[in-house]
Amino acid sequence: MFEAVLLTVITAATPLLIAATGELVSERSGVLNLGVEGMMIMGAVVGFAVANQTGSGALGVIAAIAAGMAMSALFGFLVLVLVTNQVATGLALTILGIGFSGLIGEAYIGVPGLKLPELFIPVLSDLPFVGPVLFRQDAIVYLSFALVAVVAYGLFRTRLGLVLRAVGDNHGSAHALGYSVIRVRFAAVLFGGACSGLAGAYLSLAYTPQWVENMTAGRGWIALALVVFSSWLPLRVVVGAYLFGAVSVLNLHAQAVEIDIPSQLLSSLPYLATILVLVLISANRRLTLVNTPACLGKPFVPDR
Amino acid sequence: MRIELVKRKERSQLMLLLSPLIAIALTALAAGLIFSISGHNPLIALYKFFIEPLTQQWSLEATIDKATPLVLIGCGLAVCYLSNNWNIGAEGQFVVGAVFGSALPVLFPEFETAATLPLMLLFGAIGGALWALIPAVLKARFNTNEILTSLMLVYVASLILDYLVRGPWRDPGGYNFPESRIFSDSATLPEVFGGLMSLSTPITLVIAVILALVLAKTLKGFEIRVMGESPRAGSFSGFSARGLTLFSFVLAGALAGLAGTMEVSGGLNQLLPVISPGYGFTAIIVAFLGRLNPFGIIVAGFVLALSYIGGEAVQSAMGVSNKIASVIQGLLLFFVLACDTLILYRFRLTRRWSAARETTHV
């Protein structure tokens with residue numbers, strides 16, 4: 001029983017973890033991309049379609065990443081080159097993504113999907129209790145942990161990470177030092193798009209291997225909230241993602257033990273929890289002020 | 001050779017008017033491209049989508065019908081966006097408004113008086129305002145990000161509606177279908193002008209005109225614009241950012257809630273698990289396309305409503321999925337935002353080396 005619960009928590013947390021980590025990198029560079037939901041759903045539909053057409057899950061995943069990046073490139077062009085409002089443009093990306101995914105996915109509704117295979121890690125997967133839960137997962141789950149480790153190390157232990165944070169904290173100074181603010185931000189936005197695409201692929205190729213319209217169901221927005229929750233620290237994203245993963249599977253398990261609560265109430269718990277967490281975090285001013293990238297959401301036009 | 005953005009000395013009045021038109025033209029171009037990629041004649045498809053609905057009375061009526069909630073919600077959102085309050089939860093405020101407005105005809109079906117309809121509309125506005133007050137209070141009190149909270153409440157609102165129509169508010173004589181009882185005549189919004197449109201349309205137009213006057217001619221309107229453009233300057237003149245957050249959210253919520261009630265009492269005549277084809281989100285596009293100006297929003301609401309009707313038209317006539325409508329709506333917002341760059345900036349072609357030489361001279 002406990003193992004089964006833990007297993008569902010992991011699968012529910014993984015897409016949140018991946019998308020939030022990508023968005024964290026983008027926000028650390030000073031760009032608030034509210035289009036996570038749109039990039040994610042495009043990743044989900046493109047990943048599903050390509051996997052379905054080619055019969056290869058790996059190709060589906062790659063295509064999903066490419067789709068997420070293409071969406072984020074569109075966003076990056078508007079926000080960074082045309083200096084449009086980041087909030088409005090992010091919203092536009094989400095609206096566009098939901099629309100496009102509906103159009104592309106129409107042919108795939110009800111089509112049986114392809115599930116990414118579980119990779120059994122030798123020796124470790126035979127460990128009692130933790131083995132089956134932690135080491136018999138699909139590749140994306142392992143990848144999500146590698147991703148967090150790389151981002152945590154990269155942001156705070158490498159020169160590249162230092163430049164990225166400098167651009168996000170003070171774009172004027174970074175520009176004066178000769179760093180291309182726009183290029184760094186574009187790269188960070190693309191990275192965020194790739195992660196959102198991957199998160200979407202996880203939804204349609206592993207979590208529930210099928211295409212359902214609007215299947216992201218607000219996960220992109222929850223990922224955005226997780227970045228705030230983590231106060232822009234990658235390791236805290238892991239905690240947040242797993243916490244939310246746990247809340248979102250309550251519905252599933254409450255049905256199993258036949259608790260008499262309206263299912264709609266249980267379904268709304270992740271959204272209510274998001275609001276609660278945002279309030280708790282934002283009420284603590286010290287926590288938010290220390291790590292919030294100082295130039296988050298601010299436009300930058302280099303003067304020459 | 002490279003293209004550079006140069007900031008204009010002041011906002012270009014010409015571009016302020018032209019940019020939405022350029023955006024619509026670019027959207028039509030992109031839509032034509034999508035039509036031809038999916039193997040349809042783009043010109044015929046564009047005609048069926050954008051023009052033909054304007055030529056027939058029934059489709060014109062349907063367009064006005066769809067435009068009404070979009071304009072009403074868009075007007076409220078414009079006040080939010082002008083004052084830098086990012087309310088993106090109008091869809092939820094619409095739904096909760098509809099629920100509040102329906103409480104009377106669902107719970108007290110015998111209460112049939114002349115006061116029924118006005119009370120319903122009042123309740124609807126109150127419901128939407130209360131729902132919008134949640135993110136507003138959280139922002140004003142705790143500085144919580146209103147974008148995320150207002151959006152999360154959309155999901156909660158639709159789950160509440162789902163619960164009600166499947167549970168306590170289900171029609172007792174409705175064979176277990178997830179829907180409320182049908183509203184009585186006194187709870188139904190009448191049609192006006194010989195059945196041309198629902199009463200909701202003139203109500204919406206009146207509200208839009210009043211709002212335009214408030215924004216252009218009153219101190220409150222000045223406050224909204226100042227606080228949006230320069231909160232610091234506004235606070236020196238004694239305006240309260242917190243107060244304005246509450247005001248703009250309550251106003252937007254009330255208008256969205258009113259729109260929700262008018263939708264269920266005018267068109268649907270009962271509560272269903274889903275009562276909106278995404279009006280609350282489409283209204284965001286309407287607000288921006290309409291330049292955050294109520295008169296602009298009336299026009300923009302009509303354009304966006306046309307996309308719903310056009311989507312249905314190309315589906316039935318050419319077998320193109322009506323999902324194309326939401327793609328076109330999304331593209332339109334993208335192009336509007338991109339073209340708005342032209343208001344504040346102009347493009348200049350420069351050669352890289354000449355730019356470099358200028359800097360060495362300095």
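The residue A:A217 is placed in the loop between α9 and α10 of chain A, where helices (H or I, at least four residues) and strands (E, at least two) are DSSP runs numbered from the N terminus. The phi angle of A:A217 is near 45°, a positive value in a residue other than glycine. Because A:A217 has 17 C-beta neighbours inside 10 Å, it counts as partly exposed; a residue is called buried if 20 or more other C-beta atoms lie within 10 Å of its own, exposed if 12 or fewer, and partly exposed in between, with C-beta atoms placed from the backbone. The model is a predicted one, in which local features need pLDDT of at least 70 and side-chain atom pairs count only at pLDDT 80 or more, while totals for chains, interfaces and linings use all residues. Residues are numbered from 1 along each chain as its sequence is written, and chains are lettered from A and ligands numbered from 1 in the order in which they are written.

Helix α10 of chain A covers residues 219-229, and it is largely enclosed by the rest of the structure, because 11 of its 11 residues are buried. Among these buried residues are A:W221, A:I222, A:L226 and A:F229. The elements that cover the buried residues of α10(A) include α1 (2-28), α2 (36-54), α9 (181-207), α11 (234-248) and α13 (263-283) of chain A, together with α6 of chain B. Just after α10(A), A:S231 takes a positive phi of about 40°.

Two packed helices are described by the angle between their axes and the distance between the axes. The axes of α10(A) and α13(A) come within 10 Å and cross at roughly 25°, where axes are lines fitted to C-alpha atoms, for helices over the stretch in contact, and angles run from 0 to 180 degrees between N-to-C directions. This angle makes α10(A) roughly parallel to α13(A), since angles under 35 degrees count as roughly parallel, over 145 as roughly antiparallel, 65 to 115 as roughly perpendicular and the rest as oblique. The crossing of α10(A) and α13(A) is left-handed, a term used if the near helix is turned anticlockwise from the far one by less than a right angle, and right-handed is used if clockwise. In this pair, A:I222, A:A225, A:V228 and A:F229 of α10(A) meet A:P270, A:T274, A:V277, A:L278 and A:I281 of α13(A), two residues being in contact if their C-beta atoms, placed from the backbone, lie within 7 Å. By class, the contact of α10(A) with α13(A) has eight nonpolar, one polar and no charged residues; Ala, Val, Leu, Ile, Met, Phe, Trp, Tyr, Cys and Pro count as nonpolar, Asp, Glu, Lys and Arg as charged, and the others, Gly among them, as polar.

Helix α7 of chain A (residues 159-169) packs with α9(A) at an angle of about 110°, their axes being 10 Å apart. This makes α7(A) roughly perpendicular to α9(A). From α7(A), A:V163, A:L164 and A:V167 meet A:V181, A:V184, A:R185 and A:A188 of α9(A), and the residues of this contact divide into six nonpolar, no polar and one charged.

Chain A as a whole has 14 helices and two strands, and 51% of its 304 residues count as buried. Its radius of gyration of 19 Å agrees with the value near 19 Å for a compact globule of 304 residues; this radius is taken over C-alpha atoms, and the globule rule is 2.2 Å times the number of residues to the power 0.38. Chain B has 14 helices and four strands. The radius of gyration of chain B is 23 Å, close to the 21 Å that the rule gives for 362 residues, so chain B is as compact as a globular protein of that length.

The contact between the chains takes 39 residues from chain B and 38 residues from chain A. On the side of chain B that touches chain A, the largest share, 12 residues, comes from α13(B), and the residues of this side divide into 24 nonpolar, 11 polar and four charged. Elsewhere in chain B, B:N269 lies in the loop between α10 (241-268) and α11, and B:N269 has a positive phi of about 70° although it is not a glycine. With 18 C-beta neighbours inside 10 Å, B:N269 counts as partly exposed.
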